[in-house]
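Please look over the model shown here before reading on. The briefing is meant to be read with the sequence and the coordinates at hand.

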Amino acid sequence: MPGPITLAKPPSHLLAATAWMVGGLLSFSSLAVVTRELLASFHPFQIQFLRSLIGFGIMLALTLGLARIPAASRQWGMMVTRNIFHIGGQVLWTMGIGLLPLALVFALEFTSPIWATLMAMAILGERLTPGRGFAVLTGFLGILVVVRPGVAAFDPNILLVLVAAIFFGFTNIATKRLTRTDTPSCIVFWMCAMQTLMLLPFAVAVWRAPILADLPLILLLGSVGLSAHYCLSRALSLADAITVLPMEYLRLPLIGLTGAAFYAEPLDPWIYGGSALIFTGIYVNLRQEQRRQRQDLEASTEGPKK
């Protein structure tokens, strides 16, 4: 998901950001394929539990290896709420992966910034700027193009991914609020720890003991699930969101080709057309937000007029 707007980074960082985004693109696509393969044997609750458990193990090993004590959150209520919504989004997304074409799942998932914009106004009190309004309008038009209600047969499973995108939108807003007091490593560590505990009873209820042949896919699930978000975070730390966003949306054609190659899924032009509308709105909004930040910075450095 697109991160917060940042002011321009040095051009020398662009190559490194691109490299991290390539890692993110490969990780997200691998995550979708691995998830679909595991769905043949495991329930979505167990899949997400195993993903969180492995992610927690990796984070704990890194923390202990660096001889650091995990930082405590200063907003435990928001941390818990964030992770409840994140679990809901992940489980619904997992169900969608097994029921819909991969490209369609990714296209609908890309609407999460639209829902985040609407919730930011309600939760964070942010105002509706022309750029944000344009992003919301083109986003809904993009959804209509992708889904084509009344034209194509409506698949009710689409609602699973749309609700997942709404949950991810709230997760982004909650993360933004958490970053006011908590470090990214603190947020990720407690995300893995909490989600492992929260998912445990649901996973036990549907548990199927993995066999030896399942272990490579399970280990890959946890690894790429963690690396996908880590690579995206590193890219956003090295380059503006306005630069990273177009690279992130390359996930759609990549997963479309993956779905065509592995699962003989058709390359539906309506999905790409609707996604282009969604992308356009978000991109225009990011440019306006970046311009506004630059103007605010210039105004603050100039000081009062004499």
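The structure is a predicted model, and a search of the whole of it finds four salt bridges.

**Salt bridges**

- Arginine 36 and glutamate 265 form a salt bridge in which the closest N and O atoms are 2.5 Å apart. Because arginine 36 belongs to helix H1 (residues 14–38) while glutamate 265 sits in the loop between helix H11 (251–263) and helix H12 (269–302), the pair ties together parts that are 229 residues apart in sequence.
- Glutamate 109 and arginine 251 are both buried.
- Arginine 148 and aspartate 268 meet through their side chains in a salt bridge of 3.2 Å, N to O. Here too distant parts of the chain are linked, with arginine 148 in the loop between helix H6 (130–147) and helix H7 (158–178) and aspartate 268 in the loop between H11 and H12, 120 residues apart.
- Arginine 148 has a relative accessible area of 19% and is therefore buried, the limit being under 20%.

**Helix H5 against helix H7**

- Helix H5 (residues 112–124) packs on H7 at an angle of about 50°, and the two axes are 8 Å apart, so the helices are oblique to each other.
- The crossing in which H5 passes H7 is right-handed.
- From H5 the contact is made by Ser112, Trp115, Ala116, Met119, Ala120, Ile123 and Leu124, while the residues of H7 that take part include Leu162, Phe168, Asn172, Lys176 and Arg177.
- Sorted by class, the contact of H5 with H7 has 12 nonpolar, three polar and two charged residues.

**Helix H3 against helix H8**

- The axes of H3 and helix H8 (residues 184–205) come within 9 Å and cross at roughly 65°, and H3 passes H8 in a right-handed crossing.
- Among the H3 residues that meet H8 are Trp76, Met79, Arg82, His86 and Gln90, and the H8 residues in this contact include Cys186, Trp190, Met194 and Leu199.
- The residues of the contact of H3 with H8 divide into 13 nonpolar, four polar and one charged.

- Threonine 63, which is found in helix H2 (residues 44–65), is buried, with a relative accessible area of 13%.
- If residues up to four places away in sequence are not counted, threonine 63 touches Arg68, Ile69, Pro70 and Phe189.
- Arginine 74 lies in the loop between H2 and helix H3 (76–99) and, at 69% relative accessibility, counts as exposed, for which the limit is over 50%.
- With its neighbours within four places in sequence left aside, arginine 74 is in contact with Thr181 and Asp182.
- Arginine 74 and phenylalanine 49 are 25 residues apart in sequence, and their C-alpha atoms are 25 Å apart in space.

Technical notes. Residues numbered from 1 in each chain as written. Predicted model: local features only at pLDDT ≥ 70, side-chain atom pairs only at ≥ 80, totals over all residues. Heavy atoms only, no water. Helix = DSSP H or I, 4+ residues; strand = E, 2+ residues; numbered from the N terminus. Buried < 20%, exposed > 50% of the residue type's maximum accessible area, 1.4 Å probe, protein only. Axes fitted to C-alpha atoms, helices over the stretch in contact; angles between N-to-C directions. Parallel < 35°, antiparallel > 145°, perpendicular 65-115°, else oblique. Left-handed = near helix turned anticlockwise from the far one by under 90°. Contact = heavy atoms within 4.5 Å. Nonpolar A, V, L, I, M, F, W, Y, C, P; charged D, E, K, R; others polar.
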